Amino acid sequence: MALPKYTEPHYRIWHYFYLTICTFVFFFLIAPLFVIFPLSFNAEEFLVFSDGMKRLDPDAFSLRWYQDMVYGTKNPWGLAAKNSFIIAIFATLGSVLLGTVAALGLSSRHMPYKGIIMATLISPMIVPLIISGVAIFFFMAKVGLAATHTGIILAHIVLGTPFVVITVTATLSGFDHSVTRAASSLGSDPVNTFMKITLPLILPGVISGGLFAFVTSFDEVVVVLFLAGLDNTTIPIQMWTGLREQLSPTILAVATCLIVLSTLILVTAELLRRRSERIRGISR
Amino acid sequence: MSSETNKILTTDGIPLEESLKKAEKKNKIKAFLLVAPLLLFLIITYVFPIGDMLFRSVDDRMVTNMLPKTFKAMEKWDGKELPDEEVFEAFYFDYKKLVEEKTFGKLATQLNYEKNGFKSILKKLKRKMKKFEEGNYKEQIMGVHKRWANVEYWRALKRRTPAYTYSKYLKGVDMYENEDGKIVQVPEDRRVHKILWVRTIEVAFFVTVLCFLMAYPIAHLLATLPMKYSNLLMICVLLPFWTSLLVRTASWMILLQQQGIVNDFFVWIGLVSDDNRPEMMYNKTGTYVAMTQILLPFMVLPLYSVMKTISPSLMRAGKSLGGTPFVAFWKVYFPLTIPGIGAGCLLVFILAIGYYITPALVGGASGTLISNQIAYHMKSTLDWSFASAMGLMLLTGVLVIYWIYNKLVGVDNIKLG
């Protein structure tokens, strides 16, 4: 940001001070993530930069923790990853299905009691996770679904739907309803109209809501802590246990993989957001 | 003209007004049917269980049903001195039945919540009871342990008589109902929960303030920079937002440890000496630093979306009308960002007040919050009704803020990403 030539000196100083603060905040936000990368390639067992690493000595770096993550003895990560993906995928499907249908109803101007219903549907996102965890645990224990995949998937559908509802209603807010009316006047039945007209238009919103639901489930630990048995351990649970007991570099290897995964998701979400804005004609 | 002909009819001969009403009703039902599956699902798996928590937090029928004879005999007891033989006898038979059914352990746990030391004397009583002779149970029970002759324990027992109680809520704010039925505070050295409530609110408040102070400048920068730069910088905000909470907490654990990079840096610039590295983790500092960084994107995003809509020409107009840049900012720009500030602060405060994972990992003993206490009672002491009561007290606070948020911002205006 170049300042105009006539700027007075003390505003100039203030401006540079402002830029310094911004730099510091951006650094504060992003730098902690980059500590994980180099340390996960540490050849030693300690979570500090060894002298060799500071000298960029190739011997100080190794892939042994990645090896340990994949092939280690009594390794929990394989099962955890499998469980995490199964749970997250089914929870995402459930959230997207229920959330999208509900968002269609909520965006209709005929919807009665819109405010209170919307507030209820969003509440799992607002209520502290520990309370959701306790409540859902009591329920699942009562119906015999504690320590089962089904129980955890249902719990994650509860936590994931608010994101789908929010993103899809946001996409629908700019939706031109005359196109669906045009479709019906041309003889299309409602299901056909939805599949051929509405869905392709709101798809970016649906997918980005799905991504939110996926990340929520994939990263969720509080509710799973209450619900999971030994067979339902997930990546976050393993990380939680590891961080509480002993911070090993293997956890950093897993963390690096998770950062790569979240970068991929971020890129997808950003592309979708831009596409959606273009479709709705809000492009900048 | 008569009123009959005045009405406009549709082709079916039904008045238009009626026909429209019918169509409106049909549309309403259609819209509602679309929402119904999710609403029903949430009511069954979420709203109803939270109601169940409320029931659990006041439900005390278990103890009431375990000692029916005792509580009946206690009705006449005034609670001033040790109860009569009648109560002791009734208690003996109730407890004998529980020992036979092997459910006495549950009673011991429950009574120990009420008064510490109950568990051991109940276990001792169970062992000695086998040799009891018939009659004069008062003497025999009192002979088992001297605490059985202490009226305090019998008063504690009497307090568990009602089937429904609000005592767990009182316990949550360090109060209890004493023998005279008055609500009083527990002794000063045992007021643990009040400290936690105050600390939770304090941490949530200061994290919100810190987030606001850090988010405002960068949101402003993001909103005023040309698109190609701001998109790049936006990644710095969005990448942490999408990254696993545990990963971010882990990175803070590495940074803040005593041999960690932050401490190395402090030593390097000479702020602290090498052998006197400050403890920055497992205390409040750790909680503050990690929570601020983790919640910062939730402040930046609402601020950014509001600032994006403010036209830069307004600031130019303010300056051209004679205001200094500071005056123009304070009188023109800042008031326009207040909706964003409100949304961001409420969101961060709501999220911070119920935080569990980060305080549990980096908070240590002095940095844990009310959520950690709830988890502790769910997992360790297994006092589920107390955990429910504390949870609902926290929930009430959150719902009040949520209601304000809904009034001010509207839940349908929440923006993600």
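Trainee: Which residues of H7(B) are buried?

Mentor: The buried residues of H7(B) are Phe118(B), Leu122(B) and Leu125(B). A residue is called buried if 20 or more other C-beta atoms, placed from the backbone, lie within 10 Å of its own, exposed if 12 or fewer do, and partly exposed in between. This is a predicted model, in which local features need pLDDT of at least 70, side-chain atom pairs count only at pLDDT 80 or more, and totals for chains, interfaces and linings use all residues. Residues are numbered from 1 along each chain as its sequence is written, and chains are lettered from A and ligands numbered from 1 in the order in which they are written.

Trainee: What makes the buried residues of H7(B) line one face of the helix?

Mentor: Viewed down the axis of H7(B), they fall within an arc of 60°, so they line one face. The arc is that of the directions from the helix axis to the C-beta atoms. An α-helix has 3.6 residues a turn, so residues three or four places apart point the same way.

Trainee: What covers the buried residues of H7(B)?

Mentor: The cover includes H5 (85-101), H6 (104-114), H8 (137-144) and H9 (151-159) of chain B. Helices here are DSSP runs (H or I, at least four residues) and strands likewise (E, at least two), numbered from the N terminus.

Trainee: Why does the span of helix H7 of chain B agree with its number of residues?

Mentor: The expected span is 1.5 Å times one less than the number of residues. For the 12 residues 118-129 that gives 16 Å, and the end C-alpha atoms are 16 Å apart, so the two agree.

Trainee: How many residues of H15(B) are buried, and where does the helix bend?

Mentor: H15(B) is mostly covered, with 18 of its 24 residues buried. It bends by about 40° at Leu295(B), and Pro297(B) follows within four residues. The bend is the angle between axes fitted to the seven residues ending at a residue and the seven starting there. The 24 residues, 284-307, should span 34 Å, and the end C-alpha atoms are 33 Å apart, which agrees.

Trainee: Why is Met69(A) called buried?

Mentor: Met69(A) has 22 C-beta neighbours inside 10 Å, so it counts as buried. It sits in helix H3 (residues 64-71) of chain A. Leaving aside neighbours within four places in sequence, Met69(A) is in contact (C-beta atoms, placed from the backbone, within 7 Å) with Trp77(A), Thr250(A), Ala253(A) and Val254(A).

Trainee: Why is Arg147(B) called partly exposed?

Mentor: With 15 C-beta neighbours inside 10 Å, Arg147(B) falls in the range between, so it counts as partly exposed. Arg147(B) lies in the loop between H8 and H9 of chain B. Not counting residues up to four places away in sequence, Arg147(B) touches Gly117(B), Ile121(B) and Tyr153(B).

Trainee: How many residues of chain B are in contact with chain A?

Mentor: 73 residues of chain B are in contact with 76 residues of chain A. Helix H2 (residues 16-58) of chain B gives the most to that side of chain B, with 19 residues. The residues of that side divide into 53 nonpolar (Ala, Val, Leu, Ile, Met, Phe, Trp, Tyr, Cys and Pro), 5 charged (Asp, Glu, Lys and Arg) and 15 polar (the others, Gly among them).

How values were computed:
Contact = placed C-beta atoms within 7 Å.
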